[in-house]
Each structure stands twice: as C-alpha cells, then as structure tokens.
Amino acid sequence: MGEKAFDVAALGELLIDFTENGLSEQGNVLFEANPGGAPCNMLAMLKKLGRSCAFVGKVGDDMFGRQLKAVAEDAGICMDHLTVDRDARTTLAFVKKLPDGDRDFSFFRNPGADMTLMEDEIPADVIANCRIFHFGSLSMTHEGVRRATRKAVEAAKKGGALLSFDPNLRPPLWADLEEARAQIGWGLEQCDILKIADNELEFMAGETDFDKGAAILQEKYPNIRLLNVTAGPDGSYSYYGGGRVFEPACRLGGVIETTGAGDTFCACTLNFVLDHGLEGLTADSLAGMLRFANAAAYLVTTRKGAIRSMPEREQVVELLKTGADGDQGGLLPARQRRAGP
C-alpha cells in the first residue's frame with residue numbers, strides 16, 4: 001500500500017445513541033445522548049492509534065447533526081465530506097442494556113438522514129486516495145444509499161485500496177431479512193478484510209460452530225483474505241491462509257455496556273493490517289493482533305458511549321501487561337491459544 005491521503009476512509013451511519021443512564025427523581029428512565037455510529041466509532045479508535053481518517057456520510061440539519069460533526073472533528077476525523085440533509089432528521093437509536101451486557105436497539109430512522117446519501121454525494125477521489133476503505137450493511141438498507149455505497153466501493157477498488165466490511169446486522173432496520181442476507185452477501189463478495197460477530201456468522205453461514213461457519217464463508221467468498229470473528233465475552237478468532245487463531249477475552253469485570261466494542265476491535269485489526277499488510281501473516285502475529293483488539297474492546301465496555309470512549313494506545317498496552325501477570329483474572333494465559341489449520 002503506497003502513500004495515500006488517508007489511512008482509512010469509512011462510509012456509513014452517524015447517529016446518536018441514547019443510552020440508559022439511571023432514573024430520574026420521578027422514577028423515569030434517563031437517557032444519555034452519546035455520539036456514535038459504527039463507522040465513525042471505528043475511525044475514532046484508529047485516530048487514537050495515530051491513523052489519518054476520513055468519514056463519508058450524511059446527517060440532518062438539526063442539533064444532533066451539528067453535535068455529531070463537532071464531536072467527530074474533535075476526535076480528529078476529517079469530516080469535510082459529511083453532507084447535510086435539510087429535510088430528513090439525524091438518525092437516533094435508543095439503546096436498552098440487557099442483563100448479559102448486550103443491547104436492544106430501537107431506531108428512529110424513517111427516514112434518517114444517513115439513508116438519504118446519494119451517488120452524486122460520494123467523493124470518489126477521496127475514497128480512491130485511502131489505503132483501506134471500510135463500509136457496513138446499514139448503508140445498504142435502502143436503494144439510494146445502496147447505490148452510493150456501491151459507487152464508493154468501486155472508487156476504492158479503482159484506487160487500489162483494501163476493502164474492509166463489517167455486516168453490523170441490525171434486524172429492525174430491514175424490511176426483509178432475506179434482503180439483508182442478500183446485501184450482506186454482496187458486501188462479503190467485495191471485501192479483503194471481514195470483521196463479523198458470532199450471530200452474524202450464524203446468520204450468513206447457518207452454523208453455530210465458528211470453524212465450520214468460517215470455512216463456509218471462505219469457500220463461498222475466496223476474496224476474503226483475513227476473516228475475524230468476535231464472540232463477545234468469550235474472545236475472538238482469526239482465520240487466515242487455512243489457519244485459525246483464537247484469543248480469549250479480557251475478564252477483569254466492570255462491564256457497563258458493549259456499545260462500540262466491536263467497532264473498537266475492528267479498528268485495531270485494521271491498524272494491524274496497515275502495519276503488516278495481508279501477506280505472510282503468522283499465527284503469532286495474528287494472536288498479538290487479537291490480544292490487543294480484545295483488550296481495547298474490553299476497555300470500551302467499561303465506559304458509556306463510543307466515539308468519546310475510545311482508549312489511548314498506552315491504556316491498552318498497560319491492560320495487556322496487567323493481564324499477562326495471570327493473578328488478576330485478566331487476560332487468560334497464552335497456553336490456551338490454538339493455532340493452525
């Protein structure tokens with residue numbers, strides 16, 4: 001990957017996550033307005049790792065859209081290619097924390113400004129001038145933004161960028177889950193790097209066994225060169241070159257919610273690819289990638305929100321040192337890793 005204006009450009013949703021934050025004096029649920037959206041969350045973590053980043057998307061001409069732009073710019077993300085819709089409102093998501101730490105989403109997006117992004121609003125020259133282009137399925141839920149996404153993918157390919165895809169399946173945003181499966185399948189056909197959650201792997205491969213599910217995707221989509229699977233509190237897996245590496249999650253406790261954890265993990269793996277490329281990766285190097293990504297994702301789960309909650313590199317490194325001591329219930333010892341075909 002040669003010199004480019006940006007290390008990573010990402011396209012997709014930028015929204016407000018209204019996250020539960022206790023009760024009022026009257027006993028009503030309080031919500032905190034946290035700036036978020038998977039692609040921008042991921043870029044915020046990459047900025048913490050010293051990468052140059054650009055975001056492409058759309059918000060409404062409202063207080064939330066202005067807040068999102070300001071927060072992303074404050075995080076160091078280039079927002080020159082954020083467009084504003086004067087008719088549609090900025091997308092909102094209300095997030096309910098479940099007992100296991102996972103979340104239930106209620107979206108206000110009918111329409112949301114992010115889904116009104118059009119082909120002629122895609123800065124093809126900017127996207128062609130990045131080392132990695134990242135996208136997800138929320139920018140493929142409706143025909144207009146779907147065409148815009150395809151134009152962006154085409155521009156990235158012409159520019160020689162690696163393509164990164166995160167399905168980020170949100171069933172309430174799809175009128176038909178078969179349509180979701182088809183559009184995610186298109187994304188899988190395009191990407192070099194795939195980050196996929198355990199439930200999404202089952203959705204696309206019909207398998208609960210990670211190894212079998214990964215093998216199905218690798219056979220059907222041979223373009224995927226690095227396939228990373230996140231399994232929540234259990235850890236993460238990386239499938240590359242016929243081999244498989246597993247690293248357990250960090251378990252120091254204190255988890256508040258999981259919003260942004262997968263995006264943080266994704267950012268760390270892209271940072272690894274920016275450093276090492278996709279040729280000749282070893283099981284040891286992939287294990288190191290997963291350990292760092294797992295630790296960073298854990299830190300985000302101990303905080304509320306996403307864009308403003310990304311850890312510094314030094315904090316991740318310190319956590320890895322703590323876990324390596326083996327006496328604080330942190331990162332499990334390396335002997336529990338498995339590698340190989």
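**Entry 1: a cut-off to begin with.** I call a residue buried under 20% relative accessible area, exposed over 50%, and partly exposed in between. Asp 211 has 31%, so I put it down as partly exposed. I also note that I am working with a predicted model.

**Entry 2: the whole chain.** I looked up the overall make-up and found ten helices and 13 strands. The C-alpha atoms fill a box of roughly 55 × 55 × 40 Å along the principal axes.

Entry 3: I followed strand β2 (residues 15-23) into strand β3 (residues 29-36), and the two pair in the antiparallel sense over seven bridges. Leu 15 has Gly 36 in β3 as its bridge partner. Five residues lie between the strands, and in this hairpin Gly 27 takes a positive phi near 90°.

**Entry 4: a nonpolar patch on the surface.** Which residues form it? I found Leu 23, Val 29 and Phe 31, with about 280 Å² of accessible area together. Leu 23 belongs to β2, and its relative accessible area of 58% makes it exposed.

**Entry 5: a β-α-β unit.** Strand β4 (residues 53-60) pairs with strand β5 (residues 78-85) in the parallel sense, over six bridges. Opposite Gly 57 I found Leu 82 in β5. With helix α2 (residues 63-74), β4 and β5 make a unit that is right-handed.

**Entry 6: salt bridges.** How many are there in the whole structure? My search gave 21, and I picked out three pairs to follow.

The side chains of Asp 7 and Arg 131 meet at 3.2 Å, N to O. Asp 7 lies in strand β1 (residues 6-11) and Arg 131 in strand β8 (residues 130-136), so this pair ties together parts 124 residues apart in sequence.

Next I looked at Lys 48 and Glu 312, whose side chains meet in a salt bridge at 2.7 Å, N to O. Lys 48 sits in helix α1 (residues 38-48) and Glu 312 in the loop between α9 (283-301) and α10 (313-324), so the pair ties together parts 264 residues apart in sequence. Lys 48 is partly exposed at 32% relative accessibility, and Glu 312 is partly exposed at 32% too.

Then came Arg 244 and Asp 211, with their closest N and O atoms 3.1 Å apart. Arg 244 is in strand β13 (residues 243-248) and Asp 211 in helix α7 (residues 210-220), so the parts they tie together are 33 residues apart in sequence. Arg 244 is buried at 12%, whereas Asp 211 is the partly exposed residue from my opening entry.

**Entry 7: a network.** Which residues do salt bridges with shared partners join into one network? I listed Glu 119, Glu 143, Arg 146, Arg 147 and Glu 179.

How values were computed:
Residues numbered from 1 in each chain as written. Predicted model: local features only at pLDDT ≥ 70, side-chain atom pairs only at ≥ 80, totals over all residues. Heavy atoms only, no water. Patch = residues over 30% accessible without salt bridge, like charges linked within 9 Å, V, L, I, M, F, W, Y side chains within 5 Å. Areas by Shrake-Rupley, 256 points an atom, 1.4 Å probe, with all protein chains shown as cover. Salt bridge = Lys/Arg side-chain N within 4 Å of Asp/Glu carboxyl O. Helix = DSSP H or I, 4+ residues; strand = E, 2+ residues; numbered from the N terminus. Buried < 20%, exposed > 50% of the residue type's maximum accessible area, 1.4 Å probe, protein only. Pairing = 2+ DSSP bridges. Right-handed = clockwise from strand over helix to strand, strands pointing away.
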